[in-house]
Amino acid sequence: MLETADEMLQRRQAGEPRIVTSLGLVACGSHGLRSARLKLNGELLIGRHESCEISLPDPTLSRYHARFTHGAGGVVVEDLGSRHGTWVDGKRVERAELGVGASVRLADVVVAVTLDMSSGTQAFAASPALVPELLCLSPAMREVRALLHRVAESDLPVLICGETGTGKELAAREVHRASPRRNGPLRVLNCGAIPHNLIESTLFGHERGAFTGAERARPSIFEEANAGTLFLDEVGELPLTAQAALLRVLESRKLTRVGSNREIDVDLRIVSATHRDLHAMAARGEFRADILHRLCVIAIDIPPLRSRREEIAQLARHFLTQERNAVEIDPRALSVLEAYDWPGNVRELRNVVARAAVLAEGPCITEAELASALGSRHRDPLRHEAAPISSASELLSSRETLRVRLEAVEREAVFRALEQTGGNQRRAAQLLGIPLRTIERRLQTWRQTVGRPA
């Protein structure tokens with residue numbers, strides 16, 4: 001019989017000797033990252049209560065969520081009757097053994113077993129697959145994640161539907177990581193970003209000399225995903241000709257490279273995603289019904305952010321922990337985020353938070369700064385547009401008008417680049433082809449010249 005949390009707490013209060021060892025645990029969740037050593041013949045608790053060796057204020061954790069002790073080849077985790085469960089490989093467990101390098105999920109917190117605890121952050125970051133990507137902070141999203149893990153055990157095709165920015169690719173990665181194919185490759189193909197003249201070559205690969213410019217053979221995306229998972233993002237953007245060719249691969253699990261007569265066998269799972277209504281497209285003849293039926297064996301809908309507003313504040317705080325500059329957010333400013341409808345969903349929220357963190361004048365993001373970061377839906381003195389100019393002669397006759405217009409274009413370009421790179425100034429500078437110092441000077445100038453909105 002497992003020891004209850006109350007019995008365990010009474011025993012621990014009596015005091016027990018502890019012996020140091022090199023094993024350790026690193027926990028990462030939406031409220032940050034914590035690490036601690038696991039001591040030989042001792043135990044380590046993770047939960048919300050401050051008496052736990054690893055204490056995180058994550059609302060999905062129980063006060064005493066799980067206990068970790070030494071095992072033969074690593075550690076043993078025991079669930080202490082938690083509300084949201086302890087999960088290993090997509091399955092809820094009461095007790096499980098974990099080897100070094102393995103991970104376990106306590107609700108929305110991922111815990112990794114490591115040998116080197118000299119730097120918990122580096123030890124955890126060394127295994128990117130252990131970082132929780134799909135944050136599920138509401139009942140609706142926890143139901144989505146539970147469904148993802150249930151379907152992951154099979155090999156059936158999955159179609160993930162949802163608006164742009166809801167996290168469809170993260171959901172696909174969750175399916176792969178929880179599936180028996182987790183040790184195989186995961187390949188992502190954005191169907192809406194393939195040039196029309198390269199669709200066939202990208203999907204099916206080509207042999208050397210198959211066409212002008214084919215200087216060497218190239219494997220297909222299906223071959224690259226062999227024994228793993230292929231994620232077809234925005235599958236609704238595939239033209240009908242490519243859909244017909246894709247259908248044959250789905251049916252026969254065989255393909256032929258461009259310029260070859262040899263058939264290649266592939267063994268993989270297909271996960272697709274779209275923001276379009278594929279059934280309506282099929283009814284209009286814009287998407288093949290036969291391929292839809294093969295892709296949509298299991299359909300999963302990701303709800304938009306506006307329907308789960310209880311997540312907004314927690315997501316915003318989580319995104320702030322990923323910024324290089326240590327800033328916080330004024331609790332009163334969260335009302336600005338929670339009142340917004342977020343047509344771009346979680347991706348838009350992440351970009352807004354990143355931009356607000358970059359432009360914050362102090363250690364705490366204010367309500368006015370958040371409203372500014374939201375752009376045209378709120379008054380934003382940094383992104384106002386210059387007055388329209390009716391003719392070329394008027395433009396040439398007014399140096400001041402030209403200067404204002406150029407500054408507006410420059411601001412728009414900088415902010416768009418920062419949004420695309422998640423607020424990373426160095427990457428934004430590379431994207432724009434300008435020195436990093438130029439962006440830093442511009443942001444400094446704009447902070448000084450901006451007036452507070454009334």
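A polar contact is a pair of N or O atoms within 3.5 Å; within protein, one must be able to donate a hydrogen and the other to accept it, and residues adjacent in sequence count only if both atoms are side-chain atoms. The model is predicted, so local features need pLDDT of at least 70 and side-chain atom pairs pLDDT 80 or more, while totals for chains, interfaces and linings use all residues. Residues are numbered from 1 along each chain as its sequence is written, and side-chain values use heavy atoms, with hydrogens and water left out.

Ser-82 sits in the loop between β6 (74-79) and β7 (86-88); strands here are DSSP runs of E of at least two residues, and helices runs of H or I of at least four, numbered from the N terminus. With 7% relative accessibility, Ser-82 counts as buried (under 20% relative accessible area, with exposed over 50% and partly exposed in between, using a 1.4 Å probe and protein chains only). Its side chain makes polar contacts with the side chains of Asp-79, at 2.6 Å, and His-65, at 3.2 Å.

As for the sheet, β6 belongs to an open, mixed one of 5 strands, ordered β4-β3-β5-β6-β9. Here β4 (54-55) and β9 (95-99) are the edges, each with a single partner strand, so one side of each has no neighbour in the sheet. Strands pair if DSSP finds at least two bridges between them; β6 and β9 have 5, in the antiparallel sense. Val-77 stands opposite Ala-96 in β9.

Elsewhere, Gly-192 lies in the loop between β13 (186-190) and α5 (199-204), and is partly exposed at 49% relative accessibility.
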